[in-house]
Each structure stands twice: as structure tokens, then as C-alpha cells.
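Biologist: I would like to learn how to read the packing of helices. Can we take it step by step?

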Amino acid sequence: MNRRDILVLLGGAAAIWPVAARAQQKTMPVIGFLNSTSPDTAPFDAAFRQGLSETGYVDGQNVAIEYRSAEGHYDRLPVLAADLVSHKVDVIVTSGPPAALAAKSATSTMPIVFGIGSDPVALGLVASLARPGGNLTGVSFLTVDLLPKVLELLSELVPQAGVIAALVNPENQNTPRNIGDLQEASRAKARQLHILKAGTESDIDAAFATLEELHAGALVVVGDPFFTSRREQLVALASRHAVPAIYTFREYAASGGLISYGADLQAAFRQVGVYAGKILKGEKPADLPVPQSTRIELVINLQTAKALGLTIPQSLLARADEVLE
């Protein structure tokens, strides 16, 4: 082989190498994680990765995870979902109803696994829990159905509170139902209810600033992905305004919130990870039933109660799954 032939051969190999490299990279499946908030503040990311590892997949070893985060701006979700579809990821994973609905609108063929605190059938995500029937499946954990119980617990904790405020995100598809459930429950408890709406950090600050003029003696922070990502801000404001507040997930109480009552996010998103792994192995979303996470946790933070000058009723302490000293 002469020198010219060698140069031609080497040049051809150089031209082929990028294609070969890309082909090799494609052997590693890619999960697109569409997040309503930001991945670094999501309490369920570690649980999702744990579930994924239970099916044999570890990020960076035999699977890649690409995050797209709306940072609490739900109107950005459709564009982010379309971006994941254009990158031809193998599975889209979503957190919260806004992200799930955005992903569903973006593709009717790409597999989607959701984790939501509402009824996926009522939202139009799946045909039924037992037989999803399309390209979506996932995990539903109780949040919406618990609001009457949340108000009952708050009334038991602060019986003198004749006026209760509730913080909701107007961008969440569950908000109209949440408001209706809270209004009905407050009437049953003979409590006056004020609905406060917040979709941004500044909205949250403004909502808390109105508590005093409303004479609100307690606050319900309704479940929402954006609120969960801003739990440090919410807990700090509740402390600054000295208002007893109840939240939907344990992560709030762990961050200094007074009391939380809601689903176990860790367990729910571990199952989301398991489902994502199963789909990567070839199973179809249509054949994976949507489980409803039924583990509900009541968590009380005694240090916060002391700071607020509250004595937790023994009846509540006896029912708590966890008491934080």
C-alpha cells in the first residue's frame, strides 16, 4: 500500500469516526425528565434513581437522564416537552399534572411515565387505572382527596382559628377542585375560608403579607410541585408571620414546617423509576397498570410547635407516623 492509499484510508476513517461514535452513544438509552420545578430541589429525584437502579439502570453507566425544568413556570412546559420529543429520548418521565399533560400533548407514541397527586383518568392521561391503553402510565398518589382531612387536622390543632387561609397555585389543573373541596370542608367545620393564589415567588410573599389583615389563624398550603420546590420559603414565611400551617408532604415538616399530612413521595417516585426501567427493558405503558400510592404520613414538628406557642393535642401525637423533636 503506497503513501497516498494510506492517507485516503485514514481520511475515510476520520470521516466515519463521528458517525460510529454517535452510533455507540445511542446504545445507551436516554430518559427525559420533564420537571415542573427544578431537579436540584425535587425531593423525589433520589427515590426515582433508586427505583431505576432496582431494574438495573444507573445514570451515567447504562442510562442517561436529561432534565428539562420549568422552574415553576408551567407555561414553559409545552416547549420543554417538545424539545425532549425532538431529541428522541427513549422514555419521558414527568412530575406533577402540568408536566404530564404537556408531555401527553407533545407525543402520542413516545412512552411517558408520570407521578401525580391526582386522578389520571379524570385528567385524561389514561383510559383506566387497570388498563392505561395508550403511551402513558405512572403512579397516582393521594393529594387532592385528602384536603377535607387536612382541614380537619388543622381545626383540631388550632381549634380557636375561626378564619383559615388556603394557598393554591392558579396554574395547577387541580386548583378548581381543591378550592371546592376546601370550601365544603370549611363550611362543615364552621370556619371562614380565604383562598390565596400564588404562582411565583413574589406571589407567595404577597399572599403571606395579607394573612394579618384577613385575621387568618391558620393556613393550608395545598399540594403543588412549585410549592414543594419553594418549601424553604414557605416554611420561613410561616415562621415569620407566626401562622400555624399544614402542608401536604413530609418534606415540609422536615424543613421546619409545623405539620404535614399526605402521600409518601419517596415511595411513589421510586415506583416511577421502576416503571421507567421496565419500559426501557421493552414493556409497554399500555400494559402497566397505574398503582395508587395509599401510604399516608402524618408528621409533626414539635420544635416548630414550641416556637409558635402551640401544645399539640395528645390525640394528634398518638396518630402521628413521625414526631420530629
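This is a predicted model: local features need pLDDT of at least 70, side-chain atom pairs count only at pLDDT 80 or more; totals for chains, interfaces and linings use all residues.

Biologist: What describes two packed helices?

Modeller: The angle between their axes and the distance between those axes describe them.

Biologist: At what angle do helix H7 and helix H10 pack, and how far apart are their axes?

Modeller: Helix H7 covers residues 201–209 and helix H10 covers residues 231–240; they pack at about 20°, and their axes are 10 Å apart. Angles under 35 degrees count as roughly parallel, so H7 and H10 are roughly parallel to each other. Their crossing is right-handed.

Biologist: Which residues make the contact between H7 and H10?

Modeller: H7 brings Glu201, Ile204, Asp205 and Phe208, while H10 brings Gln233, Leu234, Leu237 and Ala238. Sorted by class, five residues in this contact of H7 with H10 are nonpolar, one is polar and two are charged.

Biologist: Now the other pair. At what angle do H3 and H4 cross?

Modeller: Helix H3 (residues 77–86) and helix H4 (residues 97–106) cross at roughly 50°, and their axes come within 8 Å. That angle makes H3 oblique to H4. The crossing in which H3 passes H4 is right-handed.

Biologist: Which residues of H3 and H4 meet?

Modeller: On the H3 side they are Leu77, Pro78, Ala81, Ala82 and Val85. On the H4 side they are Pro98, Ala99, Ala102, Ala103 and Ala106.

Biologist: How many residues of each class does the contact of H3 with H4 have?

Modeller: The contact of H3 with H4 has ten nonpolar residues, with no polar and no charged ones.

How values were computed
Residues are numbered from 1 along each chain as its sequence is written. Side-chain values use heavy atoms; hydrogens and water are left out. Axes are lines fitted to C-alpha atoms, for helices over the stretch in contact, and angles run from 0 to 180 degrees between N-to-C directions. Helices (H or I, at least four residues) and strands (E, at least two) are DSSP runs, numbered from the N terminus. Angles under 35 degrees count as roughly parallel, over 145 as roughly antiparallel, 65 to 115 as roughly perpendicular and the rest as oblique. A crossing is left-handed if the near helix is turned anticlockwise from the far one by less than a right angle, and right-handed if clockwise. Contact means heavy atoms within 4.5 Å. Ala, Val, Leu, Ile, Met, Phe, Trp, Tyr, Cys and Pro count as nonpolar, Asp, Glu, Lys and Arg as charged, and the others, Gly among them, as polar.
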